[in-house]
Every structure is written in C-alpha cells, then in structure tokens.
Amino acid sequence: MKTTTKQLDRRSFIKFSALAGGGLLVGVYADSEVFAQQRGPAAPPAPVNPNVYITVHPDNTFTLIAKNPETGQGMRNALPMLIAEELDVDWKQVKVQQADCNPTLYGQQIEGGSTATPTNYMPMRQVGAAARMMLVSTAAKQWNVPESEVTTSSGTVKHARTNKTATYASLAEAALKMPPMAVTDIKLKEQKDFKILGTPTPGVDNMAIVTGKPAFSIDVNPQGMLYAVYQKCPTFGGKVMSANVEEVKKQPGVKHVFVIEPPPPPAAGQRGAGGPGGNVTWAGGVAIVAENWWYAQNARSKVLKVDWDYGPTRSQSTAGYMTHIKGLASKASQEPAGGNASAKEGDAEAAFKTAAKIVEAEYEFPLLSHAPLEPQNSTAWFKDGKIEIWSCAQIPSLNDAAVPSGVQPTDVTFHMVRGGGGFGRRLYKEYDVEVSKIARLVADERAKAGQPSVPVKLLWSREDDIAHDDYRPAGYHYFKAGLDANGKLIAFRDFVASYGNTSVVPSGPESFPRGFVESYWAFRDESMPFGVPTGAMRAPSTNGVSFVMNGFMDEVAIAAGKDPLQYRLDLLSSPTSYKPPANRTGFGAPFNADRARAVLEAVRDMSDWNNRSKLPKGTGKGVALQYAHSGYVAYVAQVSVDANKKLKVDKAWAAVDIGEQIVNSSEAENLVQGGFVEGMSHLMAWEITIENGAVVQTNFNQYQPARMRQVAPGTIEVKFLKSDYTPTGLGEPSLPPAPPAIVNAIFAATGIRIRALPLAKAGYTWA
Amino acid sequence: MPYTLKINGQSKSVDVPADMPLLWVLRDVLNMKGTKFGCGIGACGACTVHLGGTAVRACQTQISRVGNQEVKTIEGLSNDGSHPLQKAWLEVDVPQCGYCQAGQLMTAAALLAKTPKPTDADIDSAMTGNVCRCGTYVRIREAIHLAANGGRKA
C-alpha cells in the first residue's frame, strides 16, 4: 500500500502558543501561517491550523498526540514514544491523547501495510526535538549562558556550571516569545542516547482494558443512542426486492425500519465501499433500528423476511472455481492468452530440458476471513446538517460519513476509537458508510415526527462479519523446478491462478528465489467470473505466498539432497539478477540477501538446527524465511505428529530484522508471537468456502482460531537482530512464514508433504 | 419483565424480556461496557462473567435464569487494577488489541478461585474457550502464573 504521512516540509516551522488555562502548545506550521502571523497586527496566540502534537501542562506533565488508528499493534504507544524521546521527558510524565481524523492537520492517518513506524519515525522525533531545542534556547537566554552548555532530562533544563535548573513548564511563558524554528535547524538525538525507544513500554490503554472501562468502538455510547442491525443479501451483489417492513416495525423495542437501495454502481475499475482508493458506495439491505441491539437483532432473526434478488454471483462456488483453475493449470507451460507474464528471467522451459532433476508440485490455499474479535461497528449522529462519527476504521475517511449522509467532508467530525483487532479488515469500512446512511434516515424520519435527532450505533453480528468480508484471496500454484547434477536450482516456474482481485503472484521483491536462479518465470491466469470481494489481510500477499514458496523450496532442497536451511543460504550467496542495496534505507527497499542470510543464520543457531537429527521419531524441525513489508523473519518450528495426525507445535524460534531500532520492545515481541499464533489459525482450520454465491461458514465454531492449549508453554522465542537499516514496521512480517515453518516441520517429522491449507481438510487436528 | 440483579455487590433493577441475554442487559441496559460481544454463540469467551462464582458466557445466559445468583463482571474484579490478575496483566503487558482480555481475566479469576496454583494443563483446560485473535496466549499464561505466585516471577 502506498502511503504518505505528512512529513515535515523543509519550509515548515515549529512554534509555541499558549494553552487556555495555562500551559504551552507546540505546533508545526506551514511557513505561510507563521509569516502571516508575523506580518499581522498583534497576532493571536493560537494561530490557524496548529498541527499540535505536544501540550506542556503547568504541572510539567505532557499530553502527546497519537495521530494514527489503534487496533492492537501499539501505535498509541509508538508514535508518542518517538516524540517523548526527543522532547527528553520521562514516559511517566506523558499522557497520550488520540487524535481525531483530520487529514488537514495530520496528513495520512492510517493503519496498514506496516507503515506507521517507518513513515513517522523521523517527523514525530523532529516535533519532539524542536520543542526541546526551543526550551533550551529559552533557558539559555534567561540565564545568559551558551545554549551548548545547557542540557535536558526528565522535562527539565539544566546548566551545570551555574547550577541552574528549570522545568519545561516554568519556561512556558518565556518560550511563547521565541521566534519560530525552521525544521532544517532541528538536531536529533544519537541512538546511543535513547532512553525510551527500545524499552518495554506497556500499552497506554492497558488499565482501561483490564478494568473494563469503555475503551473500544463498540463501547461508544452518546446520550440517547439507538442501535441498528443491517441485513444484507447473503449473496454478494444481491439486493432487496421486498421485505415485511411493517411487521418488523411492530416488534418490541423497534423504532425505525428502512429498506436501503444501493447507489448506482461505481464506475468501472472502482471497488466502492470506501476501500483504499475506492469511491463510496454501499450494498442494499434492510436496516432495523431499536432501543438496544438485542431488540434489533431479535426482530431481524425472528421476524424479518426479505425477498432477495440474488444477482449473478448466485451461480458461483468454490468447487466451480477450483475446477476452472485446475483446467488452467494444464496449460502451465504456455504463456497465457492475455500475456499475464509477471516476471520472466532466462528461459525456464529450455532449462528444464537440460536439468538433471525436475520437481513439480501443486499448492493451494483458501479464501480467509479476517475475523477481528470486535465485530464491525460504527456510531454516527446526523444533526443540524452535520455528521459526527465514532469508528475504529484502519483508514478513516471523512468521505465515508459525508457521502451517504449527504453532507460535505468539512461537515464531518470523525473520532478515531480503539478497535478490537484489525488485521486489514478495517481497511474496508462498509459499516462507516452504512451507519452514516442509517443515521441520516433516522434523523429525517424523526424530524418528520417532530422528534430530535439521535445517535445510532450499527453493530454487525459475527455472522454478518464472516458473510460480508473482503476475503484474503485464495491461491493455486503449480510449480516446476529444474536442478543440475549438483542439486543447484537452475530453473523455477510458478503458474498462479488466484481468485480474487488482489495479486498473489510472487513477482515482487519478496519473491525469493527470484534473483538467485538463472531462469525464473512466474505468471498468472485466472480468467473466470468472481463476484466475491477480496482484499488485504495481514501481510498481503505473502500471507499465502509464503506458504507455497517456502513449502516448495523445502521440496527442492530435499530433492537436491541438501539441508533446507543451508540450501537457502547457499542460494542467497549465489545471486543471478539480484543486486545488493545501494543504501541503508529499510522501508520499501528491495529484497536484501545479507539481511535474509542473517535471520536464517540466527534462527539456525537459536534452534540448534544442526542437531535436529537427534530428535525422536515423529518429531521434526522446519524452517521458513520471508521478506514481507520491509521486514525479514525466519522461523524454525519444531512439531510432533502422531499416527492419528495429531499435531503439536513444541517450540518455535523467530529471528527478526526490522532495522536499527525497535520502538517498543514489549509490543514488538508480542506482535511476533501473535503473528506466529495467527499463522497456526491459518494452518489448521481457517477456510472460507462459497456455495451459491454466499459464504458457507457462519461463526467461530466453523472458523476456529488457535487457542491457549495449542500454544505450549514457552513456545515462541523471539530474537531481534539489530541491522544498520532504517526502522520498518512489524504489524505484518511475523505472520507469513509461520504456516510454512510448521508444514516443513511436519515433513521432517513424518515424510508427509502438505501442499494445501488448511490442514484440517487432510485429517489433522491439534494434539 | 422486571428483574432485580445482584451485580458486583450492587442491586440493579431492569425491565427486559425474559429471554434477553445477560450480555445485552449489561451492555445496553445497564451501560456496563466491560463485558464484550464477540460471537453471540458462546464460541469465543469475550463475554465471560461469573454467575455464582462460575465462569459463564453472558451471551448464552438468559436473564430469567440469573435469579438470585451473584453476577460478577470485569468491572467488579476491581475498578483500579488492584486485583492480582489485573496487576499481573499490567506487569506482563498482555494485551495487543485487548478486546478479549476482559473475558480472559474473568475465566482466569474463576480458575484461580478454585485452583490457586494452576499447572499449565489446568490453564489449558480452563482457558481454551477464550479466543485471543491477536494470539497473546504466551503472555496470558505467564500472567496467570505470575498472579498465582503472588506477583513473583516463578
């Protein structure tokens, strides 16, 4: 995903302004705003559009803004930690405040693609550093000493020679008179001087979470709120023909019922529903609004009857897709008619003819639903021609509320609320659109009846969420590899038929062994009708591709008679088209063989890989390596498998390189362990299937996540390697190599090669 | 139907249908938002509360079946994070998204009330009905042991 956080423009200025009731605001201003003030007569202390990140309170505590959404990956800690480090205050002096969605002030406020850390690492530090430097200047001027002799710590300025100290708060009034500071003059701390970054810093919402305070989107409860359910067609693209609206209206607690028509379809190539880059649209359905959610849900499940126009997707099914795909696979040696070759180096077909050994295999993985634990919900209040919305969207957008409620984006107030998990599901925000539509309809109907407008919470049931997701695309890969007489990989071909509109072809920088084999050819062909929406799920597209690539790479190594880990290291040491990186940039950089080798070597040593032959029968170790979202992760998993296909993950080791600096060491370890556990869910039980154009699975009983008993005590050991590259994100990279590490370990334990997920389909269960 | 409930040591009166689940009485009628909705079928554990000291799924507990039994919710564990399990959760920094943790804590509290020094197998057995979608099980286990050890690392 392409993102641009509002970087501090070279022409920006940092300026202090007064806080009503005492205290100091530190803001970032565009040059024009600063100069306008300087020119203006008696410029007011609080200028237009202050991009305020820091508030200095009279008691020398500090409120720092967390500008991005939070659904569990720790940005409410990480971004303020970056400011606090350079401001040189103690973390215990900090209170974190979540920003509203305001792109004018904050630029991109998104959670996606593991981008928050790399895109904010410099700007957030610059904000903190500029404030610190201006406070140093203020004190130096007051004390008439050189700035170079003035130091800071714990929110206090010191001059050792004259034994003077002053708190930041005590300097606030004088600091107001400081001239604006140019961004180009900001000097940052050296890494060795960090006091906060790299330390374990518990989540700022932990106390609210463990005491049951309202902390989540679902808990938002403005006065007088009503609750809504929205029944959509089970078949994607279907719409309401008729519904027994009048009967539903008579049910206990029900206040409003609406049949909602979809807007005209989005233009060709647009995906709608407010997804990334999409326009705003909504699916047709029936909205039931009641005194509490259970009344609305009860009226829906017991009384609502809808006559649906199921639309053209009604004829589609998983079985149909797979039949079609297997037909395409028979043509895997031919260029597809549409010319969909996505990566071609050398001549794989010619090389296969000279190979001493050929390895071929078919791999497949299913559609997945994200299933964050907090069901989709959003709260909106249409009032006086404006709309206020509370949501845990990962890409909050003013348009999502404005378009369906018929107001301008400038008339939207958008509160970003903590979400109970995201995993990419909340990149797609149908619920924000739907609730805004419903809130407008409720307000209009109440106005006609002479009643005041009220807020409305739309809450999807779990069944709604599983039936109406933007699913992780399914994939089918037909691999062919050629080895020379020494077992060296000389040709690699990957025919891909994914269903879904998100690419799962391993052609990008994450596609090792591309660049390390003379002939490499990866291409896709998926020409078939597909009416099921697909989208990004944690670590697109490697969350599926890592399984197939690492599984097949294991097969190739074993066919060559080699140690699968050493075979990868050897390949990484003999590049063909691969070019080493030109600089130390981490974010968005091409695949880096040095970093890949380093995590493999580290996990080899952590896991005692070279002594794995001493493991008992039925126990084995497997390895997987993935470059995903600018991070490098290698796993070794050790599993035990019994004769009844009962599987236990005994232990896993992770070596991770996300650059020179971990922001929050506690959250970082947690995210890696969680990524591995999520991988266990993908591995064993998760599969979404389609019949009659609708999703078959309905709830967690048919979509079982990994549970406590499957995660053995002390299972997941994590080591972060510190490399010289600029820091990158960690939301995504830890998940993709987990399933293949386990699958490769199953092979080592049993000699059985798993080529299709989930494992449950092949009769496996957790021990 | 009018019901008088004993919740976290307080008496609360509500007038709701007999088949309304305790979860929605807590959340939408009494405005106690700590107990979470996750699946509605008793498959995820997010809504776990204590009924007469036993961990139950509030989404599967009709209000008419509560009777005189004491209901304890996450809000009743302690308001200030002083319960040993809450302290352990804070110390270990368990949460990622945090949505499941109220249910995890309530199940763990019922476990420790009956089994003050649980083994790993005891924890597996008690906690397996509580999903953590983020996968914080390693830390949940660590925090339960920490609380059982009086806050001292084993």
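**Backbone, core and interface**

Guide: Ser114(A) has 25 C-beta neighbours inside 10 Å, and because a residue with 20 or more is classed as buried, Ser114(A) counts as buried. Please keep in mind that this is a predicted model.

Visitor: Where in chain A is Ser114(A) found?

Guide: Ser114(A) sits in the loop that runs between α3 (103-106) and α4 of chain A. Its backbone deserves attention: phi of Ser114(A) is near 50°, a positive value in a residue other than glycine.

Visitor: Let us turn to the peptide bonds. Which residues does a cis peptide bond with omega of about -10° join?

Guide: That bond joins Pro540(A) and Ser541(A). Ser541(A) is located in the loop between β23 (519-524) and α14 (542-559) of chain A. A cis peptide bond also joins Leu757(A) and Pro758(A), with omega about -5°. Pro758(A) lies in the loop between α18 (738-750) and β30 (765-766) of chain A.

Visitor: How should I approach the nonpolar core?

Guide: In soluble globular proteins, nonpolar side chains tend to be buried together. Here the largest nonpolar core has 291 residues, and among those with the most contacts inside it are Ala228(A), Ile288(A) and Ala654(A). Helix α4 (residues 116-143) of chain A gives the largest share of this core, 11 residues.

Visitor: Which residues does Ala654(A) touch, leaving aside those up to four places away in sequence?

Guide: Among them are Val603(A), Val633(A), Tyr635(A), Val672(A) and Phe676(A). The list also includes Glu717(A), Lys719(A) and Ser734(A).

Visitor: Finally, how is an interface described?

Guide: The size of an interface is often given as the accessible area lost when the parts come together. For this model, the description is by residue contacts: 52 residues of chain B are in contact with 51 residues of chain A. The elements giving two or more residues to the chain B side include α1 (22-29), α4 (101-114) and α6 (137-148) of chain B. The largest share of that side, five residues, comes from α6(B).

Notes. Residues numbered from 1 in each chain as written. Chains lettered and ligands numbered in written order. Predicted model: local features only at pLDDT ≥ 70, side-chain atom pairs only at ≥ 80, totals over all residues. Contact = placed C-beta atoms within 7 Å. Helix = DSSP H or I, 4+ residues; strand = E, 2+ residues; numbered from the N terminus. Core = buried A, V, L, I, M, F, W, Y, C linked by C-beta atoms within 7 Å. Buried ≥ 20, exposed ≤ 12 C-beta atoms within 10 Å, placed from the backbone.
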